[in-house]
Amino acid sequence: MQSVDRAITVLEILAQHGEAGVTEIAAELGVHKSTAFRLVGALERRGLVEQPGLRGKYQLGFGIIRLAGTMAAGLDLTQQSRRVCEDLASDLGETVNIAIPSGDMVVNIDQVRGASAVVSQNWIGRQNPLHSTSTGKVLLAHMRPTDQRRILRGRLERLTPDTITDPDVLRAEIEEILERGYATAVEELEVGLNAVAAPIRGLTGEVIAALSASGPSYRMDRDKLDTIGETVTKAAMEISIRMGHMESPGD
């Protein structure tokens, strides 16, 4: 916890002074230069600080803007998507969620329950692995190839007997997701729970979030997932347009 606290303090120092060298940072932290150098190095690798010149001075990096932008986009996203989510939940009778990337996880930022939802589970704020959820698979399919390869090389935790943990099988599913435009999760996060998700795009066409519909497997069975997928995809495109995306024939 001490390292985390010190790292946050480094960011606060740079925010206050605009730029600072390792010696200055160490002095304000009250630590040895080597400790300050390790802290700054870790933040630099994450893009949270950067060294723009050769003077040994550091400043806040564009990673800070990315994090802040994600939060701002998330707030705007929930506003722009709310009516669409309510209509979709009403149409399907199932629970609808909006999810965004959170590091190597996916986090739900908004939820609307349909009339048929039997369990009043609140998914807002819950983080889940990318590979075990429909929203996570959508985000995984559209992320940068280098990040995608890194995640597929990592540990893919088995949460249920049906969770996909074989990287090759997951790669093949990613190709299917890109081809058909939506992802499914059949009892891969929780036994008895199925879901379908489609990408939400931003102004420049990048995938910024995912829209999902989830429900019990006895009601959202495999035979219905394609039809539900088409409905969710249309709703996701409506949200994308509200976020400034211009629909093209390839979408």
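Contact here means heavy atoms within 4.5 Å, and helices (H or I, at least four residues) and strands (E, at least two) are DSSP runs, numbered from the N terminus. The structure is a predicted model, in which local features need pLDDT of at least 70 and side-chain atom pairs count only at pLDDT 80 or more, while totals for chains, interfaces and linings use all residues. Residues are numbered from 1 along each chain as its sequence is written, and side-chain values use heavy atoms, with hydrogens and water left out.

The protein chain has 8 helices and 9 strands. Of its 251 residues, 45% count as buried, where buried is under 20% relative accessible area, exposed is over 50%, and partly exposed lies in between (1.4 Å probe, protein chains only). Among contacts in the protein chain with a separation of 6 or more, 54% come from residues 24 or more positions apart.

Within α7, Leu170, Glu173, Ile174 and Ile177 are buried. Seen down the helix axis, the buried residues of α7 fall within an arc of 110°, so they line one face of the helix; the arc is that of the directions from the helix axis to the C-beta atoms. Asp168, Glu175 and Glu179 are exposed on the other side of α7. The cover over the buried residues of α7 includes α5, α6 (145-153) and β7 (183-186).

Next comes the packing of α7 with α5. Helix α5 (residues 134-142) and helix α7 (residues 167-180) pack at an angle of about 85°, with their axes 9 Å apart. Axes are lines fitted to C-alpha atoms, for helices over the stretch in contact, and angles run from 0 to 180 degrees between N-to-C directions. α5 and α7 are therefore roughly perpendicular to each other, a term for angles of 65 to 115 degrees. On the α5 side, the contact is made by Lys137, Leu140, Ala141 and His142; on the α7 side, by Leu170, Glu173, Ile174, Ile177 and Leu178.

Elsewhere, strand β3 (residues 57-60) contains Tyr58. Tyr58 is buried, with a relative accessible area of 6%. The residues that Tyr58 touches, not counting those up to four places away in sequence, include Leu14, Val22, Phe37 and Val49. Val22 is 36 residues from Tyr58 along the chain, and their C-alpha atoms are separated by 7.9 Å.

Terms used:
Angles under 35 degrees count as roughly parallel, over 145 as roughly antiparallel, 65 to 115 as roughly perpendicular and the rest as oblique.
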